[in-house]
Amino acid sequence: MLKIIAACSNGMGSSLMMKMKVEQAFGDLNIPVKVEHMSIGDAKNASNSFDIVFVSSALESNFQHVRNAKVIGLKNLLSKEEMIEKIKEHGIA
């Protein structure tokens with residue numbers, strides 16, 4: 001099971017909505033996941049214990065230090081279609 005972070009600036013509304021879309025996207029691909037949502041700061045500290053981090057493309061540069069997780073920047077945080085496309089691009093599905 002993949003461990004995933006959905007991160008936004010404050011870890012509140014946007015990341016929670018993104019978490020639900022990430023779960024739907026992976027569900028459509030029949031890939032089991034455990035998704036947590038959190039702030040950028042928390043995600044930066046936790047990212048090396050996760051497989052994937054979903055974040056806004058504008059905030060992607062905050063994760064240059066990440067070695068173990070794939071960081072996926074999104075233009076539209078609520079687009080399940082973009083998430084599926086990026087999941088496939090990164091060789092996850």
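**Figure 1. The residue after helix H3, and the packing of H3.** Helix H3 is followed by Gly 91, which has a positive phi, near 70°. The model shown here and in the other views is predicted. H3 spans residues 80–89 and lies across strands E3 and E4, with its direction at about 145° to E4. Within H3, the buried residues are Glu 82, Met 83, Ile 84, Lys 86 and Ile 87. The elements against which the buried residues of H3 pack are H1, E3 and E4.

**Figure 2. The open sheet.** Four strands, in the order E2-E1-E3-E4, form an open sheet with parallel pairing. E2 and E4 (70–74) are the edge strands, each pairing on one side only. On average, neighbouring strands of this sheet are turned by 25° against each other, direction ignored. Strands of a sheet pair through backbone hydrogen bonds, in either a parallel or an antiparallel manner.

**Figure 3. Pairing of strands E3 and E4.** E3 and E4 run parallel and are joined by 5 bridges. Val 53 is placed opposite Val 71 in E4. Val 55 has Gly 73 as its bridge partner in E4. Although E4 is an edge strand, 4 of its 5 residues are buried, so E4 is largely enclosed by the rest of the structure.

**Figure 4. Strands E1 and E2 with helix H1.** Strand E1 (residues 2–8) and strand E2 (residues 33–39) run parallel, and 7 bridges join them. Opposite Ile 4 stands Val 35 in E2. Together with helix H1 (residues 13–28), E1 and E2 make a β-α-β unit that is right-handed. H1 lies across E1, E2, E3 and E4, and runs at about 145° to E1.

**Figure 5. Surroundings of Ser 15.** Ser 15 is located in helix H1. With a relative accessible area of 0%, Ser 15 counts as buried because the value is under 20%. Apart from neighbours within four places in sequence, Ser 15 is in contact with Ala 6, Ala 7, Cys 8, His 37 and Met 38.

**Figure 6. The aromatic pair.** A search of the whole structure finds 1 aromatic pair. The pair is formed by Phe 26 and Phe 54 in an edge-to-face arrangement, at 6.3 Å centre to centre with 80° between the planes. Phe 26 belongs to helix H1 and Phe 54 to strand E3 (residues 52–56); the two are 28 residues apart, and the pair links distant parts of the chain. Phe 26 is buried, with a relative accessible area of 0%. Phe 54 is also buried, with a relative accessible area of 0%. A pair of aromatic rings is described by the distance of the centres and the angle of the planes.

**Figure 7. Lys 3, Phe 50 and Glu 36.** The charged end of Lys 3 sits over the ring of Phe 50, at 4.9 Å from the ring centre. Phe 50 is also in contact with Glu 36, a residue of strand E2. Glu 36 has a relative accessible area of 30% and is partly exposed. The C-alpha atoms of Glu 36 and Met 18 are separated by 9.9 Å, and these residues are 18 apart along the chain.

**Figure 8. Asn 30 in the loop between H1 and E2.** The loop between H1 and E2 contains Asn 30. Phi of Asn 30 is positive, near 55°, in a residue other than glycine. Most residues other than glycine have a negative phi. Asn 30 is exposed, with a relative accessible area of 69%, because exposed applies to values over 50%.

Methods: Residues numbered from 1 in each chain as written. Predicted model: local features only at pLDDT ≥ 70, side-chain atom pairs only at ≥ 80, totals over all residues. Heavy atoms only, no water. Pairing = 2+ DSSP bridges. Right-handed = clockwise from strand over helix to strand, strands pointing away. Buried < 20%, exposed > 50% of the residue type's maximum accessible area, 1.4 Å probe, protein only. Contact = heavy atoms within 4.5 Å. Phe/Tyr/Trp six-rings, centres within 6.5 Å; stacked < 30°, edge-to-face > 60°. Lys NZ or Arg CZ within 6 Å of the ring centre and 35° of its normal. Axes fitted to C-alpha atoms, helices over the stretch in contact; angles between N-to-C directions.
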